[in-house]
Amino acid sequence: MGIMGNIPFLRLDHISREFAEENRVNLAIRDLSLDVSEGEFVSLVGPSGCGKSTLLRILQGLIAPSSGKVFYKDAVQTGVNRDMGMVFQGFALYPWLNVRENVSLGLVARGVDPSVVDRKVAFYIDKVGLEGYEEAYPRELSGGMKQRVGLARALAIEPAILLMDEPFSNLDALTTLTLRDEVLMLWKDPEMSVRTIVMVTHIIEEAILMSDRVVVLARRPTHVVEEIAVDLSRPRDRRDPEFDRLSDRIFSLIS
C-alpha cells in the first residue's frame, strides 16, 4: 500500500504552537508544514521532547495551533476530527472497565445504537486477537494485550486515519515485533476503514520497517528537517544495505 493520489488528504500549513511556561512563552513548533496523502503510512521521528506528540494532538484537533491551519480533505479542520482514532503510548485504559467496555467507549460516546456497538466491538476484538478476553480487566492483561485493547478501541470508531503515539515503547522486544506486523496487516486489510496512518516513534528502525515516508523533526522549536521516502519492498529486511543507509541518514539528521 502507498500513496493514492496527489491531493493532500491531510495538511499542516505553516503550523506554530506556543505554550506559556513560568511567565514566559515557549515556542514548541515553528512554521511547520506537512502533507499526508490518503493511503500513506508516515512516521514522525526526532529528538526526545521535540514536540512530536504535540503535533499529533494538533492533527487530531485536541490542541489548536497558535498560528497556521490544519486541512483535512481540502477543508480547514475545526475542533476534533472524528475521522481519526488515536493509539496512546501508555494504553490509556480505564481499569474499572473490562475489555469489551474499554473497546466500546468511543462508540458509546457517539451515541451508536447498542446492538451496533455490540457487533462492532466483537468484530474488532476478534481482529486484534483478543477473543476470549472480553470480560478481562486491564490488571489481568499483559502489556501487549493492553495495547491490543487500545488498538481495537481506536479501530472500532472506524476512522479514516489512525494516529499512533509511540505505541510500542512500553512493550518488550518480542511483543513489539509481533504488534508491528499486526498493525501493518490491519492497515492492508480490506475490511478495515483505516487507510492512512501517522505514527510518532523514537526508534529509527521501526520507522523504516513500517513507513512509506519518514519525516525527521528538529529540536524545539520543532520544524521539518527532511522527508525521506522509504522505497523498500515489503516485508522489509533489516539486512538490506539500503535499510542501513536510510538508518544512518536519519540518525545523522537527528543527532
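Reader: How many residues are in helix 5, and how far does helix 5 reach from its first C-alpha to its last?
Author: Helix 5 (residues 173–188) has 16 residues and reaches 23 Å, close to the 22 Å expected at 1.5 Å a residue. The expected span is 1.5 Å times one less than the number of residues. Helices here are DSSP runs of H or I with at least four residues, strands are runs of E with at least two, and both are numbered from the N terminus.

Reader: What sort of model is this, and how are residues numbered?
Author: It is a predicted model, in which local features need pLDDT of at least 70 and side-chain atom pairs count only at pLDDT 80 or more, while totals for chains, interfaces and linings use all residues. Residues are numbered from 1 along each chain as its sequence is written, and side-chain values use heavy atoms, with hydrogens and water left out.

Reader: Back to helix 5. Which of its residues are buried?
Author: Thr-175, Thr-176, Leu-179, Arg-180, Val-183, Leu-184, Leu-186 and Trp-187. Buried means under 20% relative accessible area, exposed means over 50%, and partly exposed is in between (1.4 Å probe, protein chains only).

Reader: Where do they sit, seen down the axis?
Author: The buried residues of helix 5 fall within an arc of 165°, so they line one face of the helix. The arc is taken from the directions from the helix axis to the C-beta atoms. On the face turned away from the buried side are the exposed residues Leu-174 and Met-185.

Reader: What covers the buried residues?
Author: The cover of helix 5 includes strand 3, helix 3 (114–127), helix 4, strand 7 (161–165), strand 8 (196–200) and helix 6. Contact here means heavy atoms within 4.5 Å.

Reader: What happens at the start of helix 5?
Author: A side-chain oxygen of Asp-172 reaches to within 3.1 Å of the backbone nitrogen of Leu-174. A polar contact is a pair of N or O atoms within 3.5 Å; within protein, one must be able to donate a hydrogen and the other to accept it, and residues adjacent in sequence count only if both atoms are side-chain atoms.

Reader: Now helix 7. Which of its residues are buried?
Author: Phe-243, Leu-246, Ile-250 and Ile-254 are the buried ones. Seen down the axis of helix 7, they fall within an arc of 70°, so they line one face.

Reader: Why would residues three or four places apart point the same way?
Author: Because an α-helix has 3.6 residues a turn.

Reader: What is on the other face, and what caps helix 7?
Author: The face of helix 7 turned away from the buried side carries the exposed residues Pro-241 and Asp-248. The N-terminal cap is Asp-240, with a side-chain oxygen 2.8 Å from the backbone nitrogen of Glu-242.

Reader: What does Ile-250 touch?
Author: Leaving aside neighbours within four places in sequence, Ile-250 is in contact with Val-45, Ile-204, Ile-208, Val-214, Val-216 and Ile-228. Ile-250 and Phe-41 touch the most other members of the largest nonpolar core, which has 50 residues. A nonpolar core is a set of buried Ala, Val, Leu, Ile, Met, Phe, Trp, Tyr and Cys residues joined through side-chain atoms within 4.5 Å.

Reader: Which helix gives the largest share of this core?
Author: Helix 4 (residues 143–156), with 7 residues. Apart from this core lies another, of 27 residues, including Phe-9 and Leu-217.

Reader: How many bridges does strand 1 make with strand 2, and with strand 4?
Author: Strand 1 (residues 10–21) has 9 bridges to strand 2 and 5 to strand 4 (residues 67–72). Ala-20 stands opposite Val-25 in strand 2, and Leu-12 opposite Val-70 in strand 4.

Reader: Where are the cis peptide bonds?
Author: One joins Arg-220 and Pro-221, and another joins Arg-234 and Pro-235. Omega is about -5° at Pro-221 and about -5° at Pro-235. Pro-221 is in the loop between strand 9 and strand 10, whereas Pro-235 is in the loop between strand 10 and helix 7.

Reader: And Glu-166, buried or exposed?
Author: Buried, at 14% relative accessibility. Glu-166 has a positive phi near 45°.

Conventions. Two strands pair if DSSP finds at least two bridges between them.
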